[in-house]
Amino acid sequence: MLNKKKLSLLIDNILINLLLLNYNFYFCKKTYNLGRILAIDFGKKRTGIAATDDLQIIASGLTTVNTDDLIPFLKKYVSKNQVELFVVGKPKQMNNTDSESEALILPFLKKLKNQIPQIPLLRIDERFTSKIAFQTMIDGGLNKKQRQNKALGDEISATIILQSYLYNK
């Protein structure tokens, strides 16, 4: 059983640890100036994009872009923000073979490497991200009409891809 003195010491220790943690994050940001990581959930019509914060801790949905406008969008974003890595979803089937949509992604990847060669690409398995995104919208309390917004689903899918990368990094 904790008495008031022990509880007070425990709370003080927690606060000190939080202050040290904030100091370390500040120091890391100032010293290393990490770049953001962008995740791309490529689609035939729309592409969901997610980005990390500067410390590469939190994955957040950024936007959904028409696929035809994707390369210009990325070039503009990279010119304004320090980006360290592109994480691109790799659609796979249950038997671990590439999905049919992989044939659409490969030309995009080639074009991206040619247009923005200084930023490396990494592929991440994106199985079930659309289903997880849909379930996330349900859990978030979105009504049926809001859940039909496919652009939001693509953005959430990109966020899930990025969060998966960060978790396994």
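1. Contact here means heavy atoms within 4.5 Å. Helices (H or I, at least four residues) and strands (E, at least two) are DSSP runs, numbered from the N terminus. Axes are lines fitted to C-alpha atoms, for helices over the stretch in contact, and angles run from 0 to 180 degrees between N-to-C directions.

2. This is a predicted model: local features need pLDDT of at least 70, side-chain atom pairs count only at pLDDT 80 or more, and totals for chains, interfaces and linings use all residues. Residues are numbered from 1 along each chain as its sequence is written, and side-chain values use heavy atoms, leaving out hydrogens and water.

3. Start with the sheet. It is open, with 5 strands in the order β3-β2-β1-β4-β5 and mixed pairing. Two strands pair if DSSP finds at least two bridges between them. β3 (59–66) and β5 (121–125) are at the edges, each with a single partner strand, so one side of each lacks a neighbour in the sheet. On average, neighbouring strands are turned by 25° against each other, direction ignored.

4. Look next at β1 (residues 36–41) and β2 (residues 46–52). They run antiparallel and are joined by 4 bridges. L38 has A51 in β2 as its bridge partner.

5. Two helices lie across strands. α6 (residues 150–168) lies across β1, β2, β3, β4 and β5, at about 40° to β2.

6. Which residues of α6 are buried? Among them are G153, I156, I160 and Y165. Buried means under 20% relative accessible area (1.4 Å probe, protein chains only). Their cover includes β1, β2, β3, β4, β5 and α4 (129–139).

Definitions and conventions:
Buried means under 20% relative accessible area, exposed over 50%, partly exposed in between (1.4 Å probe, protein chains only).
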